[in-house]
Amino acid sequence: MRLQMTVAFRGMDRNEWIEAEIRKRAAKLETYCRDIGSCHVVVEVPHRHHEEGNRFSVRIDLTVPDNEIAVTRGSTLHTVAKDLDEEEWTKQLDVEGMRKDVGLVIKEAFDVARRQIQDQTRRHRLDVKSHEEAPHGRVRQWSAIDQFGTIEAADGHEVY
């Protein structure tokens with residue numbers, strides 16, 4: 001892998017599982033664009049809300065030819081908290097609950113980055129959809145009685 005990559009953790013301890021997941025997903029990005037210059041990923045817990053659980057934020061900064069891509073995704077625990085009773089809620093705050101939440105945030109962030117890389121690559125290759133020009137011609141003959149005729153197309157051939 002030629003990709004220059006750094007993974008940083010803020011507000012939390014370094015986690016091998018999280019770092020391995022990030023490196024695996026970053027390696028997949030190279031299949032969509034081989035010219036990624038660098039990839040910097042920051043995983044952080046920006047706030048310590050222990051009543052509602054810690055929220056994770058993932059920021060990905062990519063350098064691709066002629067552009068830079070930045071993606072930020074965060075976890076939202078409020079919607080999950082409404083549907084769970086207290087016992088189930090505390091179970092989700094253990095390590096497995098953390099892994100699932102961080103894994104989901106990482107997946108979403110890399111999915112957005114992948115789509116942006118694909119769009120950038122299409123623009124870079126000039127592989128953007130264009131519409132064909134509507135065919136046109138001029139009427140050569142017309143029979144009002146029989147209601148038929150011929151049209152001369154732009155390239156010179158006649159169409160009945």
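These notebook entries record what I looked up in a predicted model of one protein chain.

**Basis.** I number residues from 1 along each chain as its sequence is written. The model is predicted, with local features needing pLDDT of at least 70, side-chain atom pairs counting only at pLDDT 80 or more, and totals for chains, interfaces and linings using all residues; side-chain values use heavy atoms, with hydrogens and water left out.

**Confidence.** I began with pLDDT, the predictor's confidence in each residue, from 0 to 100. The protein chain averages 77, and 76% of the residues score at least 70. I took helices (H or I, at least four residues) and strands (E, at least two) as DSSP runs, numbered from the N terminus. Confidence is highest in helix H1 (residues 16-29), at a mean of 88, and lowest in helix H2 (residues 78-83), at 46. Over residues 77-82 the pLDDT is below 50, and this stretch has 11 contacts (heavy atoms within 4.5 Å) beyond near neighbours in sequence. Residues 93-97 also have pLDDT under 50, and for them the model has 2 contacts beyond four places in sequence.

**Arg-25.** I next looked up Arg-25, which lies in helix H1. Leaving aside neighbours within four places in sequence, Arg-25 is in contact with Ile-106, Lys-107 and Phe-110. Arg-25 and Phe-110 are 85 residues apart in sequence, yet 6.8 Å apart in space, C-alpha to C-alpha.

**Sheet.** I then traced an open sheet of 3 strands in the order E5-E6-E7, with antiparallel pairing. Two strands pair if DSSP finds at least two bridges between them. The edge strands, E5 (137-143) and E7 (158-159), each pair on one side only. E5 pairs with strand E6 (residues 148-153) over 6 bridges. Within this pairing I noted Val-139 opposite Ile-151 in E6.

**Second largest pocket.** Finally I examined the lining of the second largest pocket, which includes Tyr-32, Asp-35, Val-64, Gln-120 and Arg-125. A pocket is an open set of points on a 1 Å grid over the protein atoms alone where a 1.4 Å probe fits, with protein on both sides within 12 Å along at least five of seven lines; lining residues have an atom within 4 Å of a point. Helix H4 (residues 95-125) gives the largest share of the lining, 4 residues. I recorded the lining as 4 nonpolar, 3 polar and 3 charged residues. Here Ala, Val, Leu, Ile, Met, Phe, Trp, Tyr, Cys and Pro count as nonpolar, Asp, Glu, Lys and Arg as charged, and the others, Gly among them, as polar.
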